[in-house]
Amino acid sequence: MPRYTLLMYQPADGTGAPAGQDEWAAAQARWQGFLADLTDAGLLVANEGLAGTDAATTVRVRGGATEVTDGPFAETKEYLAGFFLIDAPDLDVALSWAGRIPSAEYGSVEVRPVWGQGGS
Amino acid sequence: MTAPAAAVERVFREERGAVLATLIRRLGDFGMAEDAVQDAFAAAAASWPSDGVPANPAAWITTTAQRKAIDRLRRERAAAGRAERLAELMRLDAQEHPDEEEASMIRDDRLRLIFTCCHPALAPQARVALTLRSLGGLTTAEIARAFLVAEPAVAQRIVRAKRKIAEAGIPYRVPPDEELPDRTADVLRVLYLVFNEGYGATAGDDLLREGLCDEAIRLGRLVCALMPDDAEARGLLALMLLHDARRAARRDGDDRFVPLDRQDRDRWDRDRIDEGLAALDAAMALRRPGPFQVQAAIAALHVDAPSEDAVDWAAIADLYGALGRLAPSPVVELNRAVAVGFAEGPQAGLALLGPLLDEPRLGAYPPLHAAHADLLRRAGDRAGARAAYDRAIALGGNAVERAELARRRDALGG
C-alpha cells in the first residue's frame, strides 16, 4: 500500500491553537481519538510531535566544513509541528485522514507521498 | 477532406475520450494509455484510406488501441505489475464482447476520467488543460492558443498533472456518495471556467475561443448523460446554452461589443434557447436548487422576454437574492442592485450599490463602476455618471467593453 506523510504546520504565533485548560483538555481528547482511529484502521506507521523551533539547530556542510547554527533552516509564519506517517490505498484516503487532524482547523497539513512509489 | 480522413477526425472528436478513459483504467497508466490511443489513430489514418473505413470505426479504434497498449506494455519491462496487467489485457482482448462486469465498468470510465482530471489536488489551470486534452478533442496547441498562453507552458502543466496523478496516487474512480456533491461541484466549476474563457473572449483567435464554449457545452451534455440525477449539472448546461444562444448577437457588423439590452433578439439562437430551457426544466424537476440553476433561471428570464422592456426585473432581483443566499458574493450583490435599479428605479438601485463601493474586493472591478455610472445617468446625475464611467474605463477590462463605456459616457452630452 502507498505510504504518505502528513506534515502538520502551525502558525508560529499560536493563532487559533487551543488556549486555556478546558480547550487544551478537549484538544488532547481529540488527538487521542484521532490516533486511536488511525491505529484501529491499521494505517499508522509512525507519529511524532516536534519540539518548538526554539530548540532547533541547523547543520550545513559546505566545502567540507560543518557549520552549525542556532534556529530553524528558515524563519516562517508556519512551522513544522509534527508528522504522521501512514499507509493509505490512495490520495483521497490520505486527504480524508489529514482533514481529521485537529490542528488542520488552525494550521495546515501537507500531504506528501513517500518518494518512488508511483509514476514512472 | 477525403471520406476516410473525415471519418478519422470524427471518431477522434467523438470517441477518443471514451477509448482513452477505458484504457487508462485497464493500463493503470495515464501516459501509456494516451500513447496507445495516439498509435491507434495514427494506424487509422494510415490504413483507412486504402483499406476503407471499418463498419464500426469506434470499435476498430478501441481494439487497435488495446493491442497497441499490449505492445507497449510488452516493451516496458520495468512497469509495475506488468505481468498481471498484460494477462488482464490479453483476457479482455480475447473477448468478442465485454462481459457484464466489464461493460458496466466501461459505462463509467469517462466519469472516472472527468473526476480524476478535475481532482482538487491538481492546480485549477492544470484541471482545465487536462480535461480539455483528455476528454475534449483539443490538442495542446489549441488549448494554448485558446487560453493565450505559450504551448510549452500548457504541455508542462499537463505533464506535471499526469505525474502528480501517478506519484501522489490520485485514484481513478468515481468518488463515493459522501464525497460526490463536492467533487461534482469541482467538475462543474472546471467546465464553467472553460465556457467563460471562451464566452468572455474578446482577444485572441475568436474561432478557437468559441470552440471553448462548444467544448464546455459538449462536456456539460456528457456529464448530464453520465449523472442524470445531478440537478446542478443540468443547471450548468442550461446556463451555458442560454448564454451561448446570444453569442452571435454580442458583436455588431463592425465587430463592436453589443450589451444585452441592445442586442438584436432575432440573432439569438432559438435551438440553443429551447435546449437550454428544457435543461433548466429538467434540473428544476429534480427539486435540488443550486447556484447554477438560479443563474440559468436568470438567463432564462432575459431570453424569454419578447423585448428588453418586457424583462421581469423584479423576478430577476428576487433570483439574485436567492443566489446571494446560496453562494454569497459581492458580485451577486452588484447584480441584484442593477436588477432592483430596473425594477424599482435608479434610486433604489443606488441605495443597494452604495455600500459595495466601499467593498475592498470590488473597488477595482470595472463592472461595479459601469453599473454605478448607468444608475447615476438614469437618476439624472450627469457629472457623477461621467466620473464613474471614467473610473470604469481607467480600471481596464477588455477593449470592446471599454469602447462601449466610452460611447455611453460620450452620449451623456454637456
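How many bridges pair β2(A) and strand β5 (residues 78-87) of chain A, and in which sense? The two strands pair over five bridges, in the antiparallel sense. Strands are DSSP runs of E with at least two residues, helices are runs of H or I with at least four, and both are numbered from the N terminus. Two strands pair if DSSP finds at least two bridges between them.

This is a predicted model, in which local features need pLDDT of at least 70 and side-chain atom pairs count only at pLDDT 80 or more, while totals for chains, interfaces and linings use all residues. Residues are numbered from 1 along each chain as its sequence is written, and chains are lettered from A and ligands numbered from 1 in the order in which they are written.

**The open sheet of chain A**

Four strands of chain A form an open sheet in the order β2-β5-β1-β6, with antiparallel pairing. β2 (44-49) and β6 (108-113) of chain A each have a single partner strand and stand at the edges, so one side of each is left without a neighbour in the sheet. From one strand to the next, the twist averages 20°. Within this sheet, A:A46 stands opposite A:L85 in β5(A). Helix α2 (residues 91-98) of chain A packs on the sheet and touches β1 (3-11), β5 and β6 of chain A. Contact here requires C-beta atoms, placed from the backbone, within 7 Å. The direction of α2 makes about 155° with that of β6(A); angles run from 0 to 180 degrees between N-to-C directions, and axes are lines fitted to C-alpha atoms, for helices over the stretch in contact.

**The hairpin of chain A**

| Pair of strands in chain A | Bridges | Sense |
|---|---|---|
| β2 and β5 | five bridges | antiparallel |
| β3 and β4 | six bridges | antiparallel |

In the hairpin of β3(A) and β4(A), two residues lie between the strands, and A:G63 takes a positive phi near 55°. A:V59 has A:V68 in β4(A) as its bridge partner. Among the six residues of strand β4 (residues 65-70) of chain A, the count of buried residues is zero (buried means 20 or more other C-beta atoms within 10 Å of the residue's own, with C-beta atoms placed from the backbone).

**Two helices of chain B**

Helix α16 (residues 346-353) and helix α17 (residues 366-378) of chain B pack at an angle of about 145°, with their axes 9 Å apart. In α16(B), B:P346, B:G349, B:L350 and B:L353 meet B:A371, B:H372, B:L375 and B:R378 of α17(B).

**Between the chains**

The contact takes eight residues from chain A and eight residues from chain B.

Key. Contact = placed C-beta atoms within 7 Å. Buried ≥ 20, exposed ≤ 12 C-beta atoms within 10 Å, placed from the backbone.
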